[in-house]
Amino acid sequence: MSDIRTQSLQKPVTVAEYLFRRLHQIGIRSVHGVPGDFNLVALDYVPKAGLKWVGSVNELNAAYAADGYARAKGISALVTTFGVGELSAINGVAGAYSEHVPIVHIVGCPSTISQRNGMLLHHTLGNGDFHVFANMSEHISCDVAKLVKPSEIAYQIDHAIRECWIRSRPVYIWLPTDMVEKKIEGARLDTEIDLSEPENDPDREDYVVDVVLRYLHGAKNPVVLIDACAIRHRVTEEVNKFIEKTKLPAFVTPMGKGAFDETSEHYGGVYAGTGSLPEVAKRVEGSDLVLSIGAIKSDFNTAGFSYHTSQLNTIDLHSDHCTVRYSEYPGVSMRGVLRKVTERIDVSKLSITPSPQVENAVAENKDDSQIITQAWFWPRVGEYFQQGDVVVTETGTANFGIWESKFPKNVMGVTQVLWGSIGWSVGAAQGAALAVKDLEQDRRTILFVGDGSFQLTCQEVSTMLKHDLRVTIFLIYNEGFTIERYIHGMEADYNDIIRWNYTDIPAVFGAKKGHAQKFVIKTKDELEKLLKDKDFNDYKGLQFVELWVPKDDAPRALKLTAEISAKTNSRIEDEQ
């Protein structure tokens, strides 16, 4: 007997089919996550929608990988099970929320019947509250969709996905087991979700554009500072067109690295307050107008809040508002403003001062010793990078060292400077490499991770091998948590770790012969030879490089930032 509630449906489809087909329509091709009994039936529909199940080793790594996939592909999907699974992933999802990364997080949960009856089920707190975990995730999601009414589910799914894309932050979709195969209207699938960004009010936008143009035309020494949200909210094309037309000097923040072509004559380097190179700091801080695009002025992104720029000389463009000096214009987003400013600017009225020249300072930082120093290493790998590389750096020495590397054209920088979860980069590298594979691009994914961070999430090497991903891992072997040492406890045992046989890791995780290479590099000459080796540069599988660096060595910017961070941490009430 047919269900009267579905008789009016033009094209009945199950909720799971609808959800996963929508994910496919927006460009997702691989779904990260871990199976659990509350999501198993839903997972049967993943391949039916043309998607690939990744099969991560744990939920935290899956969340990190979904983060990396979204940064490289635009958006990603994560599936976990109720309670134990979603809470394991919550740190990774919180990091994505913090850093404006869009992840569709799908949580399989107990049936609505079990919930109504208050059943004492596994994976619960035993108190009958089935909403407690969703309530936790509400604070790190821009939309929460609880799929409990079939007549509303299709709209809820579409709305959540649109919010995820437009706001570039995670959404949470709660999928009870008895809703997975409920029939809903599939005719909606014939029309793709409208992911276009809402346009600004024309009058308000024109007013902001006029104000911005007035200050740009009147400035004697203007510069552009590009930050993370220019990448996350997908305005790098507009930014590049603006700089190409105006020829203004362009700088990036640590979180904005990769947002602008570093081979351009207009590129001036990385600005991070006192962590900047002297010529960069002088140029930015001496400007009478800083056009800041997508700023996230966090402690590590500003070298301990050490910017020496004035808000009186700053225009801030964001995804949901613009600020000109001390005047804020809510609801006016940067995309429309950038396009109109580029279109209307009179370049003959601009005062242009050339950008500082940026090079990989290899010779300047090379000494007579064979010891691989941080000061020499990062400029040297800058010369190793190739056009189109995806460069992933871990919280710690790598995140700060990469400031000293000049990228070739079209290099994607992947960092987690704001959230800074140790171990994130290993999962993120897997996700980014998988996104590259799904895009059918011939690009190298290169990971720089410290030995301490690697020990937290090393299992993700297994997933890299499982999917035959092209990843080169530079494991910086320096005997523990160097960034923590510089903040506090240089010789403290809590910053020490046990030494692993790191190069055995690929074999332990099932690397087949010919699918992985391993190297131990202890000297500059050994590294030079490796970086110049054609087979190493062209290798299509997993490569693991154990790189020996002194325990007490760190990049210049890390030392400066750690000192400021330590002072901030030690402040007491009377000093505030």
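Cysteine 142 counts as buried because its relative accessibility is 11%; buried means under 20% relative accessible area, exposed over 50%, and partly exposed in between, with a 1.4 Å probe and protein chains only. This is a predicted model, in which local features need pLDDT of at least 70 and side-chain atom pairs count only at pLDDT 80 or more, while totals for chains, interfaces and linings use all residues. Residues are numbered from 1 along each chain as its sequence is written, and side-chain values use heavy atoms, with hydrogens and water left out.

Searching the whole structure turns up zero disulfides, a disulfide being a pair of cysteine sulfur atoms within 2.5 Å. Cysteine 109 is in no disulfide, and the nearest cysteine sulfur, that of cysteine 164, is 19 Å away. With 0% relative accessibility, cysteine 109 counts as buried.

## An enclosed strand

Now to strand 19 (residues 471-477): seven of its seven residues are buried, so the strand is largely enclosed by the rest of the structure. Helices (H or I, at least four residues) and strands (E, at least two) are DSSP runs, numbered from the N terminus. Val471, Ile473, Leu475 and Tyr477 cover one side of strand 19, with Thr472, Phe474 and Ile476 on the other, and all are buried.

Strand 19 runs parallel to strand 18 (residues 445-450), joined by six bridges; two strands pair if DSSP finds at least two bridges between them. Here glycine 450 has isoleucine 476 of strand 19 as its bridge partner. Strand 19 also pairs with strand 21 (residues 542-548), in the parallel sense over seven bridges, and phenylalanine 474 stands opposite valine 545 in strand 21.

## Nonpolar cores

The largest nonpolar core has 78 residues, of which Ile226, Ile293 and Phe448 touch the most other members. Such a core is a set of buried Ala, Val, Leu, Ile, Met, Phe, Trp, Tyr and Cys residues joined through side-chain atoms within 4.5 Å. Helix 8 (residues 202-218) supplies the largest share of this core, six residues. A second, separate core of 40 residues includes Tyr18, Val31, Leu51 and Ala77.

## A buried asparagine

Asparagine 537 sits in helix 21 (residues 534-538) and counts as buried at 10% relative accessibility. Leaving aside neighbours within four places in sequence, asparagine 537 is in contact (heavy atoms within 4.5 Å) with residues including Tyr384, Gln386, Arg444 and Arg470.
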